[in-house]
Amino acid sequence: MKKTIPAVIAAALICGPAIADGPMVVPLQRLSMDAAVKIAQGAIEECREKGIQIAVTVVDREGTVQVTLRDTIAAPITVPISKMKAFTAVNFNAATSAMVDRADTPIGRVEGLVMSAGGVPVLVGGSSLVAGVGVSGAPGGDTDEECALAGIAKIQDDLDMAM
């Protein structure tokens, strides 16, 4: 019994710092495919109401595409631009409209990033990043962003309740 106590203390001293650093595995929230489709359709609907044909891409929290929709006569270039806007939004966890002044900096010239309005993160509970949405095709980035936000608004209450 006396030998067991020092062994337990030694084990606690050795393992204690590893345990104190935090969990070795963390839970990861992801947007379901159905939710991603609803966001994309909501963005398309909003822009159609404005008489605009767009492409919308929803990416997961790592920037991998979940859904891309291009409306009937939206220009083909809108697809890769919407993807880059969504990718940029999740990688910076910020709306791309907030990064416009970084576009002509070294970070703004990184291939695959687009720092113009139209990309927004999808947050659960106001802070937990689960996805990003990018819209391209409107005459201005502000309208692209409005459509992206309208798509998110279609499911935001359900997202927040799911937390």
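Contact, as I use it here, means heavy atoms within 4.5 Å. The model is predicted.

Start with Ile-39. Set aside its neighbours within four places in sequence. Ile-39 then touches Leu-31, Val-58, Val-122, Val-133, Gly-151, Ile-152 and Ile-155.

Now the core around it. The largest nonpolar core has 27 residues. Leu-31, Ile-39, Val-56, Val-58, Val-122, Val-133 and Val-135 touch the most other members. Which elements give two or more residues to this core? They are α2 (33-49), β1 (55-60), β3 (119-124), β4 (128-136) and α4 (141-153). Of these, α2 gives the most, with seven residues.

So, on to α2 itself. Its buried residues are Ala-35, Ala-36, Ile-39, Ala-40, Gly-42, Ala-43, Ile-44 and Cys-47. Remember the general rule: an α-helix has 3.6 residues a turn, so residues three or four places apart point the same way. What covers the buried residues of α2? The cover includes β1, β2, β3, β4 and α4.

Next, a length check. α2 has 17 residues, and at 1.5 Å a residue it should span 24 Å. Its end C-alpha atoms are 24 Å apart, so the two values agree. After α2 comes Gly-51, with a positive phi near 80°.

Last, the hairpin. β1 pairs with β2, residues 65-70, in the antiparallel sense, over five bridges. Val-56 is back here: its bridge partner in β2 is Leu-69. Four residues lie between the two strands. In this hairpin, Gly-63 takes a positive phi near 95°.

Key. Residues are numbered from 1 along each chain as its sequence is written. This is a predicted model: local features need pLDDT of at least 70, side-chain atom pairs count only at pLDDT 80 or more; totals for chains, interfaces and linings use all residues. Side-chain values use heavy atoms; hydrogens and water are left out. A nonpolar core is a set of buried Ala, Val, Leu, Ile, Met, Phe, Trp, Tyr and Cys residues joined through side-chain atoms within 4.5 Å. Buried means under 20% relative accessible area, exposed over 50%, partly exposed in between (1.4 Å probe, protein chains only). Two strands pair if DSSP finds at least two bridges between them. The expected span of a helix is 1.5 Å times one less than its number of residues.
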